[in-house]
Amino acid sequence: MHNPRNVSSAALVGDIDTSAPTTIPLVNSVSRFGEVKRVTKETNVAVRINLDGSGVADSSTGIPFLDHMLDQIASHGVFDVHVKATGDIHIDDHHTNEDVALAIGTALLQALGDRKGINRFGDFSAPLDEALVHVSLDLSGRPHLGYNLDIPTQRVGTYDTQLVEHFFQSLVNTSGMTLHIRQLAGTNSHHIIEATFKAFARALRQATEHDPRRLGTVPSYIGWMGVRKKETRFVTEDTTSDDKVEDLNEEVSASESGSESGSESEGDEDVKLPEPSKIAVNNRGALLDKLGDIIWPENVEWTHKLAIDIDQEQEVDVNDDLARELAFYTQALEGTKQAFDKIQSTGQPFLRPPDYYAEMVKTDTHMVKVKGRLLAEKRKMEEADERRKARESKKLAKEIQAQKTKERAKQKKEDIESVKQWRKQRQKSGFASGGNDAEFNFEDGKVFERSKKKRPGVLPGDRSGGKARQGFSKGKKPNKRESRDSKFGFGGRKGLKKQNTADTTYGINKGSAQGNKKRKR
């Protein structure tokens, strides 16, 4: 009798000679590679994985902490992992983290191939100082993630710890893996995450290694796992077993396609999955009925809804960050005031619950600074608006002035034309030009000028018209006041004849003229 471990699975088929044993290599002679390139508008990712590698890690994603975790997968899984990625990490790490995980999952699926001879299941618990994380996975072709990590901080370095779950969810979706992650202990975020990646690498290493007793078969009862192809069953010469396996193949093929017979179950053709219906269902009546079930009754009291409607006085530009945030702040403040008044009007007592807990993302000091900045920006905008209005008003004033100047010039032209017309009519009526007729010279545009002709008997500086000299010619003694008036005219400074002093308060003039003259000097 031959050792069944050294007998080929093909020897179990009746038409093959079983007299000579055949040995099957336990390990696939061809290395299991997976290579994927993913290019989107946000990222450019290239991944190459060798499941039968030696632990070579070459990761460059632009996210240092993610590179560190990918190195853990390569080192503890003994895989060769090469990852090159560029993305919009200037925005955040989300897109790059997601696309790297999607590409790794696709490359892993490609490297696994038909999954013949692998263990399929992997289970490992990895400790790291105070942290302990358990990972269990199944390369079944059915994507599912069970995630139970309690990471205490929001970030590790610059890496957002929320992206850990997103990484494994993306990897699970493209690799067709069932993955469960459980945190058993841990308080340090870095230790928890690193222990998770180490446990995942060790569990994946177990699942992808070959089982020497599988003899190159698919580790599944139904004969296929994640591969949409019908597999040939290994049977013996027993006719009863032949019928059973054939019936089983017929059931499997019927459940997959529903149209092929059992006789065709030995082929290698792809199974065509039924396409989903493209007919959209829009049952308006049913939707309205459901809406009527969940809508609030018309006469329900406000205390049951606790809803406040705030009327926005003016439209807010949603693309203006300052205006939008200021509108949010104003609405929240006004809504709080209205709710406070409404609750007080009902006469019902209210208070904050004793178990109420709220943690602001930003501190009060920071929010005060934000509010001050918003108000400062608003003032700057108002000042800029006022300056703009002033410039427009000035420009408008200049336009109005220019228009007035044009109107004056036009009016002057019309007046000149009117005078010319009057002269023509006067000449036609028989009046000769010249004589005592007034001459209106408006055309030259000159203003009135004083005549430069000298008057006889009047000096150039004499403002009295020669009257002062008339008195001198008769032999009278000239008066200083009159001569000064003739020279300088009347008016002017009165020599401080009366001032608010003790001497002049009651109108008593005791030599005040001399005193005033002395003050003038």
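Here is a guided walk through the sheet, the helices and the core of this structure. The model is predicted: local features need pLDDT of at least 70, side-chain atom pairs count only at pLDDT 80 or more, and totals for chains, interfaces and linings use all residues. Residues are numbered from 1 along each chain as its sequence is written, and side-chain values use heavy atoms, with hydrogens and water left out.

Let's start with the sheet. Strands of a sheet pair through backbone hydrogen bonds, either parallel or antiparallel. Here, 4 strands form an open sheet in the order 1-2-4-3, with mixed pairing. Strands (E, at least two residues) and helices (H or I, at least four) are DSSP runs, numbered from the N terminus, and two strands pair if DSSP finds at least two bridges between them. At the edges, pairing on one side only, are strand 1 (33-39) and strand 3 (57-60). Strand 1 and strand 2 (residues 43-50) run antiparallel and are joined by 7 bridges. Look for Val-36, which stands opposite Val-47 in strand 2.

Helix 1 (residues 64-77) lies across strand 3 and strand 4 (80-87), at about 160° to strand 3. Helix 2 (residues 94-112) lies across strand 1, strand 2 and strand 4, and runs at about 145° to strand 1. These angles run from 0 to 180 degrees between N-to-C directions, using axes fitted to C-alpha atoms, for helices over the stretch in contact; contact means heavy atoms within 4.5 Å.

The helices also pack against one another. Helix 2 and helix 3 (residues 163-175) meet at an angle of about 30°, with their axes 7 Å apart. They are therefore roughly parallel to each other, a term for angles under 35 degrees. Among the residues making this contact are Ala-101 of helix 2 and Phe-167 of helix 3. The axes of helix 1 and helix 4 come within 8 Å and cross at roughly 35°. Their contact includes Ile-73 of helix 1 and Phe-200 of helix 4.

Finally, look inside. In soluble globular proteins, nonpolar side chains tend to be buried together. The largest nonpolar core has 56 residues, and those with the most contacts inside it are Phe-167, Leu-179 and Phe-200. Such a core is a set of buried Ala, Val, Leu, Ile, Met, Phe, Trp, Tyr and Cys residues joined through side-chain atoms within 4.5 Å, where buried means under 20% relative accessible area (1.4 Å probe, protein chains only). Helix 4 (residues 189-208) gives the most to this core, with 10 residues.

Technical notes: Buried < 20%, exposed > 50% of the residue type's maximum accessible area, 1.4 Å probe, protein only. Parallel < 35°, antiparallel > 145°, perpendicular 65-115°, else oblique.
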